[in-house]
Amino acid sequence: MTANLDRAGSDTPFYSANDRSRWATIRALGDDETYIIDSVIFADEEIRWDTIDKVRHLGEDGKFHFYSSKPPLMPTILSGLYRVVHQFTGWTLRDDTSAVVRTMMLLFNGGGWFLFLYFCASLINAIPVRDWTRYYVLACAGFGTFLSTFAISLNNHLPAAICVMAALYYVAEIWRREQAPSWMYALCGLFSSLAVANELPALSFLAFAGLFCLLKSYRQTLTSFLVPILLVTSGFFYTNYLAHGTFSPAYAHRSDGNVEATATGAFADELNDGRFPKELQEVAKNAFEFSLPVVEQDGWPSTPDEINRWVVRDQIGSTQFAIQNVSGSDEYTIHAWKNWYDYPNSYWSKTNDAKKSEVDRGQASIEVYAFHLFFGHHGIFSLTPIWLLAFAGMVALAGGIKLAGRFQMKWLGWMALAITAAVILFYLRRPEMDRNYGGVTSGLRWVFWLAPIWLACMLPVVDWLASSKWGKAVCYVLLLASILSAGYSADNPWVQPWLYEIWDLTGIDK
């Protein structure tokens, strides 16, 4: 594990706001048995715990508190591991931060990485291709993707990829066997659902896995495959309820709530001056209780241009709500508070644009965004060129190209094409503020969980190229370029890719 420097040159095992957010929950749960992270992120310690990946809403005590914006299932599980480490060593995340974090990362990410390579090797070994092909694809898995880069940091992308790799192995085994044992169906369901718990778009993979299992045996699918899915789903929503008092995840709370009252008039000038018109106050009192309301100008970046918006916060109590008005209209709607990310001095507010990294402001042009997703500074092919082999393999498999002997994996090709297209289109259609390439990160992290599927799809193309020296040379060049690209960020995965730095020098639109 590498070390970063924080504040007064102190050693920190954290690499970004992203991993600090999860560690803050682990510490709060492990030490204080609460999901509230106020005491952690505002602690006056040498190592900084504060994070931009947080939300603010009312707690059970009727007061506003900060919580991690990350799904709480993983931190809840890891808080149990933290307690075990504490029992054996006496270390705490407060006093022995680096020792605890690195020990847990060795156990969690290290153990998970072993499973990833084990299931990858097992999947490859079951497919009749050249030994050279097997060794090459396994080398790609171990060194040629950004999964190894992210293995030093706590994140959701590596666990998702590990789970997809394990589930894909069991899907392949169930599909090729005449009658697979029930425990294979159960493990397939377990790993598939855990992948979704870490990456919501992996729901597409879960659907395909369920379909393949259903086609082989509807009885085992219903009795074995579905049970672990129900358990993981229950755990996901139950821990979310424990943390936030609602079953809907934190990232579902990024807009205003229902309309609670309406008023007609001309109030924009007074609201813009920070005054709360008496007519509006009287209407708002029918829906909310407040004592000393203060009006703030809208700062939420995704508010439509034609909407005027203001936020009202009670300086004494815990009431807050939003007022909206369509430009040119005399109707004002008063909305219940639902945007947990919109709190005073929120990093995501437009008032903090000067503090944001350039990518966090979002890319306005979908065309430019699409280019950089594939071939630009965060490009799938430009940063990890071995994926050229994978995409060619998808087409080959979908087209019915057989591997050695009569082994055919047409199902894998069509599944890979469908899932990849769905995931890419999902992120292309995100609002402008979300078109940010995953923020400050060394690669397009939203597609990392697809790596197991893409690695499997490489097999027919790599095996074909392996029949000649020139073909092998092409494979070596692509792998070397991918290794160097992933290795550029080996000491910290939460930095911009090397291509992004080059784009800075060109002045071309990013």
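Is His377 buried or exposed? I looked this up before anything else. His377 is buried, with a relative accessible area of 0% (buried is under 20%, exposed over 50%, partly exposed in between, with a 1.4 Å probe and protein chains only).

Ground rules for myself: this is a predicted model, where local features need pLDDT of at least 70, side-chain atom pairs count only at pLDDT 80 or more, and totals for chains, interfaces and linings use all residues. Residues are numbered from 1 along each chain as its sequence is written, and side-chain values use heavy atoms, with hydrogens and water left out.

**Around His377.** I find His377 in the loop between α12 (366-374) and α13 (380-383). Helices here are DSSP runs of H or I with at least four residues, strands are runs of E with at least two, and both are numbered from the N terminus. The side chains of His377 and His378 make a polar contact of 2.8 Å (N or O atoms within 3.5 Å, one able to donate a hydrogen and the other to accept it; residues adjacent in sequence count only if both atoms are side-chain atoms).

**Strand β8.** Next I checked β8 (residues 320-326), where 6 of 7 residues are buried. β8 runs antiparallel to β7 (residues 307-314) with 7 bridges (pairing takes at least two DSSP bridges), and I see Val311 opposite Ala322. A hairpin of 5 residues links β7 to β8. On to β9 (residues 331-336): β8 is antiparallel to this strand too, through 5 bridges, with Ile323 opposite Ile334. The β8-β9 hairpin has 4 residues between the strands, and Gly328 there takes a positive phi near 90 degrees.

**Cores.** The largest nonpolar core has 101 residues, and Tyr136, Trp387, Leu412, Ile453 and Met458 touch the most other members. A core here is a set of buried Ala, Val, Leu, Ile, Met, Phe, Trp, Tyr and Cys residues joined through side-chain atoms within 4.5 Å. Helix α6 (residues 157-176) gives the most to this core, 15 residues. I also noted a second, separate core of 22 residues, including Phe14 and Leu154.

**Cavities.** I get 2 cavities of 30 Å³ or more from a search of the whole structure. A cavity is a set of points on a 1 Å grid over the protein atoms alone, where a 1.4 Å probe fits but cannot get out; lining residues have an atom within 4 Å of a point.

Note on methods:
1 Å grid on protein atoms, 1.4 Å probe; cavity = no way out; pocket = protein on both sides within 12 Å on 5 of 7 lines; lining within 4 Å. Points joined across faces, edges and corners; volume = space filled by probe spheres on them.
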